[in-house]
Amino acid sequence: KTESPGRVMINTLKNLGDMRLITWLLIMSCFWLMMYTLWDLQPNFLTDWNDSQGVANFFLSTPFPDSWVYETDRGLMVPQEILMNLNAVMIVLFVIPISWLVRKLRTLESMVIGMCMATAGVLVGGLTNVGGVFLLGVVGFSLGEMLTGPKKNEYLGLIAPPEKKGLYLGYVNIPVGIGGMVGAKMQGYFYGNFGEKAVLAQKYLAEHTSFAEGKIWDGKVTSLDAMLEVPRTEAFVKMCDVTGLDPVAATELLWNTYDPQYKVWLPFAAIGVVAIIALVVFARMARKWNDMNA
């Protein structure tokens with residue numbers, strides 16, 4: 001009410017030049033980049049690699065809807081959206097009880113514990129191809145999300161200079177946007193080159209079978225379609241035909257040959273670890289700044 005919209009815009013952009021604020025935004029952007037892998041990348045990973053037959057058999061023995069199970073070329077599986085929904089269910093049921101339980105924890109303590117749990121959850125969920133183990137990862141990830149997400153607003157208000165608290169809280173969702181945008185690019189690169197089953201089937205045909213004999217591959221996944229003359233969408237079926245393996249065995253062969261779980265998920269987990277360490281260092285430094293309340 002005391003300043004024009006133009007002046008508010010100028011102040012907003014000017015304060016984005018504050019190195020301490022930029023540092024905090026980058027730290028939290030790294031964390032949210034890692035977080036988005038569960039929602040944006042994990043569905044593809046589950047569809048390609050996860051064996052959820054155990055979970056499917058459990059659902060069939062309970063009153064859960066039959067639509068929670070579907071037939072694939074590898075047998076009965078649970079759709080990735082059903083597995084992923086455990087995250088949403090946990091948030092709805094437990095965010096208030098969890099917030100009450102940690103109400104006496106310092107903001108930073110809660111955030112660091114949450115970041116550690118979320119990073120562990122990403123690793124557990126990403127490094128496995130077993131449906132039940134993936135769900136354990138979702139539990140850890142969800143608990144970490146509940147410990148960290150609500151506290152980021154509180155912590156940003158805490159480290160803001162007294163006269164800029166409202167302004168700083170206006171920046172609170174910038175890390176979410178940066179994490180989502182940069183994370184999407186990274187996810188596309190890592191999964192497209194090292195994790196997608198169709199691409200790895202093409203690589204296997206090019207590197208380990210006589211199907212590509214006499215053909216020269218430049219090592220780029222973008223040239224596999226033309227070199228093999230097999231579209232990516234048909235590569236896995238072609239691999240099964242050439243090797244004589246059924247889809248279950250072919251999937252296991254690709255998993256053991258190319259280790260997509262490590263090449264895709266370890267880089268994102270490393271980003272989570274860096275964010276945890278950086279936040280602890282930042283908090284220790286913030287205690288020495290006289291114009292901040294931390």
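1. Where is the place of Asn193? Asn193 sits in helix 8, residues 174-194. Helices here are DSSP runs of H or I with at least four residues, strands are runs of E with at least two, and both are numbered from the N terminus. The side chain of Asn193 reaches the backbone oxygen of Tyr189 at 2.8 Å. That is a polar contact: a pair of N or O atoms within 3.5 Å, where, within protein, one must be able to donate a hydrogen and the other to accept it, and residues adjacent in sequence count only if both atoms are side-chain atoms. Leaving aside residues up to four places away in sequence, Asn193 touches Leu200, Lys203 and Val221. Contact means heavy atoms within 4.5 Å.

2. Ground rules for this note. The model is predicted: local features need pLDDT of at least 70, side-chain atom pairs count only at pLDDT 80 or more, and totals for chains, interfaces and linings use all residues. Residues are numbered from 1 along each chain as its sequence is written, and side-chain values use heavy atoms, with hydrogens and water left out.

3. On confidence. pLDDT is the predictor's confidence in each residue, from 0 to 100. The chain has a mean pLDDT of 90, and 98% of its residues reach 70 or more. Confidence in the chain is lowest in helix 7 (residues 165-169), with a mean of 80. It is highest in helix 12 (residues 247-258), at 97. Where pLDDT is low, the predicted coordinates should not be read in detail.

4. On the overall fold. The chain has 13 helices and two strands. Its C-alpha trace spans about 70 × 50 × 35 Å along the principal axes. Of the 294 residues, 46% count as buried. Buried means under 20% relative accessible area, exposed over 50%, and partly exposed in between, with a 1.4 Å probe and protein chains only. Take the contacts in the chain between residues at least 6 apart in sequence: 73% of them join residues at least 24 apart.

5. On Phe194. Phe194 is also found in helix 8. Phe194 is partly exposed, because its relative accessible area is 26%. Phe194 and Gln261 are 67 residues apart in sequence, yet 8.9 Å apart in space, C-alpha to C-alpha.

6. On Leu279. This residue lies in helix 13, which covers 260-286. Leu279 is buried, because its relative accessible area is 0%. Leu279 touches Trp24, Ile27, Leu108, Met111, Val112, Met115 and Tyr155, with residues up to four places away in sequence not counted. Leu279 and Trp24 are 255 residues apart in sequence and 7.6 Å apart in space, C-alpha to C-alpha.

7. On Val89. Val89 lies in helix 4, residues 80-101. Val89 is partly exposed, since its relative accessible area is 44%. The C-alpha atoms of Val89 and Tyr262 are separated by 28 Å. Along the chain, these two residues are 173 apart.

8. Two backbone points to inspect. Glu229 has a positive phi of about 60°, although it is not a glycine. Glu229 is in the loop between helix 10 (224-228) and helix 11 (232-243). Glu229 is exposed, because its relative accessible area is 66%. Asp259 has a phi near 50°, again a positive value in a residue other than glycine. Asp259 lies in the loop between helix 12 and helix 13. Asp259 is partly exposed, at a relative accessible area of 28%.

9. A cavity is a set of points, on a 1 Å grid over the protein atoms alone, where a 1.4 Å probe fits but cannot get out; lining residues have an atom within 4 Å of a point. Grid points are joined across faces, edges and corners, and a volume is the space filled by probe spheres set on the points. The count is one cavity of 30 Å³ or more. The largest cavity holds about 40 Å³ of space.

10. On the lining of the largest cavity. Among the lining residues are Thr37, Gln42, Phe134, Phe141 and Trp265. Helix 2 (19-49), helix 5 (107-126) and helix 6 (131-159) each supply at least two lining residues. Helix 6 gives the largest share, four residues. By class, the lining has six nonpolar, five polar and no charged residues. Nonpolar covers Ala, Val, Leu, Ile, Met, Phe, Trp, Tyr, Cys and Pro; charged covers Asp, Glu, Lys and Arg; the others, Gly among them, count as polar.

Terms used
On a 1 Å grid over the protein atoms alone, a cavity is a set of points where a 1.4 Å probe fits but cannot get out, and a pocket is an open set with protein on both sides within 12 Å along at least five of seven lines; lining residues have an atom within 4 Å of a point.
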